[in-house]
Amino acid sequence: MESLEFAILNWIQVHLRCGFLDAVLPAVSWTANHGELWIILAAVLLLTRGQRKCGAAVACGLVLDLVSCNLLLKPLIGRARPFAVNTAVELLMKAPLDASFPSGHTAASFAAVFALKTAGSPLWKPALAVAIVIAFSRLYLYVHWPSDVLAGALLGAAVGWAGAKIVEKALEKRNAGR
């Protein structure tokens with residue numbers, strides 16, 4: 001499996017590396033270093049009348065992602081990052097210090113997307129485009145294995161959906177009590 005993953009990562013390095021992407025993708029990746037982009041989106045939606053349910057869904061999905069990805073899975077699995085295995089690659093960013101599996105950037109991004117979709121927001125479509133670029137950036141930057149990114153997308157989808165459902169049930173319970 002590792003040889004297939006190296007083949008994908010190295011193909012990206014050989015065939016897609018260029019000055020434009022070398023400049024743009026580290027910046028794109030940086031926007032989601034700690035989920036900042038998605039936290040800001042959740043905050044803006046929470047402060048916007050008529051969008052608070054969607055903002056709460058994104059926030060709840062991100063909290064579930066933080067716990068499941070960063071506090072549980074990464075320390076439990078402790079997978080080495082690809083640049084630590086193939087030290088010949090030139091990193092375009094500061095080397096991340098935490099474990100590789102699953103991709104936290106990807107998980108947070110897809111948590112936001114699926115929370116928005118499940119909550120009924122049309123913002124899920126542009127968020128999906130951003131999430132895909134962020135996920136690809138993690139491969140391009142050689143900081144995640146393809147399976148890390150895939151697992152991050154699946155985990156994010158699950159916790160984003162769950163976050164929106166939790167908010168939906170909480171609102172139903174609150175409205176029933178009125």
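Helix α1 takes in residues 2-15, so 14 residues, and reaches 20 Å from first C-alpha to last, close to the 20 Å expected at 1.5 Å a residue (1.5 Å times one less than the number of residues). Keep in mind that this is a predicted model, where local features need pLDDT of at least 70, side-chain atom pairs count only at pLDDT 80 or more, and totals for chains, interfaces and linings use all residues. Residues are numbered from 1 along each chain as its sequence is written, and side-chain values use heavy atoms, leaving out hydrogens and water.

- Glu5, Phe6, Leu9, Ile12 and Gln13 are buried (under 20% relative accessible area, 1.4 Å probe, protein chains only).
- They sit on the same side of α1 because their arc around the axis is only 125 degrees, going by directions from the helix axis to the C-beta atoms.
- Over on the other side, Ser3 and Val14 are exposed (over 50%).
- The buried residues of α1 pack against α5 (82-85), α7 (124-140) and α8 (146-176), with contact meaning heavy atoms within 4.5 Å.

**The largest pocket**

- Its lining has 28 residues, and Ala32, Asn33, His34, Gly35 and His105 lie nearest the centre (1 Å grid over the protein atoms alone; a pocket is an open set of points where a 1.4 Å probe fits, with protein on both sides within 12 Å along at least five of seven lines; lining residues have an atom within 4 Å of a point).
- Two or more lining residues come from each of α2 (19-30), α3 (36-47), α4 (52-77) and α6 (104-119).
- Helix α4 gives the largest share, 7 residues.

Key:
Helix = DSSP H or I, 4+ residues; strand = E, 2+ residues; numbered from the N terminus.
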